[in-house]
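Please open the model in your viewer and keep the selection panel at hand. The stops below say what to select next and what is there.

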Amino acid sequence: MFINKVGHEHRETGLNCHDYGFINDTVKCVVDGCSEGLHSEIGAKLFCHLFNQGYSIDEIFNKIFMVIDNTALNIRNYLCFTILFIEETEDSFIVNYCGDGFIIKQKHDNTIEFDKIDDGEYPKYYVYNFTDKKYLSHYKDGVEIQQSIFPKSEYKAIGIATDGLRYIFDKEYEQEFINLLEKGKESAVKRLVNREYKHFKDDITIIL
Amino acid sequence: MSEELDILGMDEVEIENTSVDEIDNESVNLIFVGIDGSGSMGGYVSDMKKSLNDFKDALLNSKEVDEILVARADFADRINVGGYKKVSEFDTVYSASGMTALYDVIVEGKDKLTNYMTFLKNQGMRVKAVFAIFSDGDDTSSRKMISDAKNSIKYLNDEEITTAFISFGGGATNVAKALEFKNILNVGGSAAELRKAFNCLSKSVIESSKAVVNTTDDFFTM
């Protein structure tokens, strides 16, 4: 299941969808560009394009800085985005993340639970590792990719989502949304987001 | 009481057409095909059956087939406007006799199309539509007036629904212009031209399904 929808406030203010993602044979990835950046989707999509080709995260940023100058303004406008990706081993799902979002845990009885990844007011953007420290008010010592591991003996599937998923909680359609996720009804989830578009203010990307 | 009626109405829309649960997509292209079954088409019954089969096969073999729902409407002395169904369910049976209730089929076809579109949009579907008529002649038996049919076409055009008319043999070209269809295809009155017309219609439907935004004019793809 891959869902990528632009948020209502992005539409109203004329911002592009800052979320992106991809699935290939070895990695599932979602990224969420900072909404304060004017063109965050550029960095987010470039990152996905290169990550999908197998480059490491540090290699990707070095490549990006070959076309986008490493200035504070460029970093703010183009390169602040969260990164969440899943890799699999024979017996576990490994979620890697830098920044906020959600982990979607589906047990073998198909029931779904959510873990919120929350950095508070300041999401951890990996680009801070390449940013001149004098421009940083937080994370001056850099940020790291963190990891959570989920055994396949306990979970049927593990998914990831950007923080736009927060707009399902405490809403009339919350249970309907979860039921559709549990049943793997991708088109129906997309229709629900379309139907309730005014509630989904932020971009949302889900991979399960 | 009115709420009950609304609920009944909505059920009817889903019963008559394809229910949302049966559509494994968030986008759909609704294709209305009105087919002239009047007596003047009597010499082309077998060619029409072949053309309808080819039309169906072309859509079935396209990548866009899962995004297409087709409603067939027949008009002669009376009209029969079917629901929007998957292409695999498209009926290719054809017979011809009687007169031409063109205006009636346009008015009822527009009403049913717009009702279903509204229903689907309320369910979160992204909906485009094509309203196509095939006819070889002017109206001869409708209860509705030409002004009613013209208002229906105007409504469809205003809603950016593609309106298309295939004039078989050229006899219906003037009425198609008077009704203000945005796309009018004139074909000759022969079996070969009939097949060409439906071949063009299937290509045009497939192309319109590929587009993100409805192409209200320049619909016919030769």
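**Stop one: a helix in chain B**

Select B:Lys196 and B:Glu193, which form a salt bridge whose closest N and O atoms are 3.5 Å apart; the term stands for a side-chain nitrogen of Lys or Arg within 4 Å of a carboxyl oxygen of Asp or Glu. Because the two residues are 3 apart in helix H6 of chain B (residues 191-210), about one helical turn separates them. B:Lys196 is partly exposed at 39% relative accessibility, where buried means under 20% relative accessible area, exposed over 50% and partly exposed in between, with a 1.4 Å probe and protein chains only.

The model is predicted, so that local features need pLDDT of at least 70 and side-chain atom pairs count only at pLDDT 80 or more, while totals for chains, interfaces and linings use all residues. Residues are numbered from 1 along each chain as its sequence is written, chains are lettered from A and ligands numbered from 1 in the order in which they are written, and side-chain values use heavy atoms, with hydrogens and water left out.

**Stop two: chain B as a whole**

Now select chain B and colour it by secondary structure, which comes to 6 helices and 7 strands; these are DSSP runs numbered from the N terminus, helices being H or I with at least four residues and strands E with at least two. From the N terminus on, the order of elements is α-β-α-β-β-β-α-β-α-β-α-β-α. The C-alpha trace of chain B spans about 50 × 40 × 30 Å along its principal axes, and 52% of the 222 residues of chain B count as buried. Among contacts (heavy atoms within 4.5 Å) in chain B between residues at least 6 apart in sequence, 76% join residues at least 24 apart.

**Stop three: the sheet of chain A**

Move to chain A and select strands E1, E10, E9, E6 and E7, which in this order make an open sheet of 5 strands with antiparallel pairing; two strands pair if DSSP finds at least two bridges between them. Strand E1 (2-5) and strand E7 (112-117) of chain A stand at the edges with a single partner strand each, so one side of each has no neighbour in the sheet. Between E6 (residues 101-107) and E7 of chain A, which run antiparallel, there are 6 bridges, and A:Lys105 has A:Glu113 in E7(A) as its bridge partner. Helix H5 of chain A (residues 174-183) packs on the sheet, touching E6, E7 and E10 (204-207), and its direction makes about 110° with that of E7(A); axes are lines fitted to C-alpha atoms, for helices over the stretch in contact, and angles run from 0 to 180 degrees between N-to-C directions. H6(A) lies across E1 and E10 of chain A, at about 15° to E1(A).

**Stop four: charged pairs in chain A**

Within helix H6 of chain A (residues 186-195), pick A:Glu186 and A:Lys190, which lie 4 residues apart, about one turn of the helix. Their salt bridge has its closest N and O atoms 3.0 Å apart; A:Glu186 is partly exposed at 28% relative accessibility, whereas A:Lys190 is buried at 17%.

Over all chains, the count comes to 20 salt bridges.
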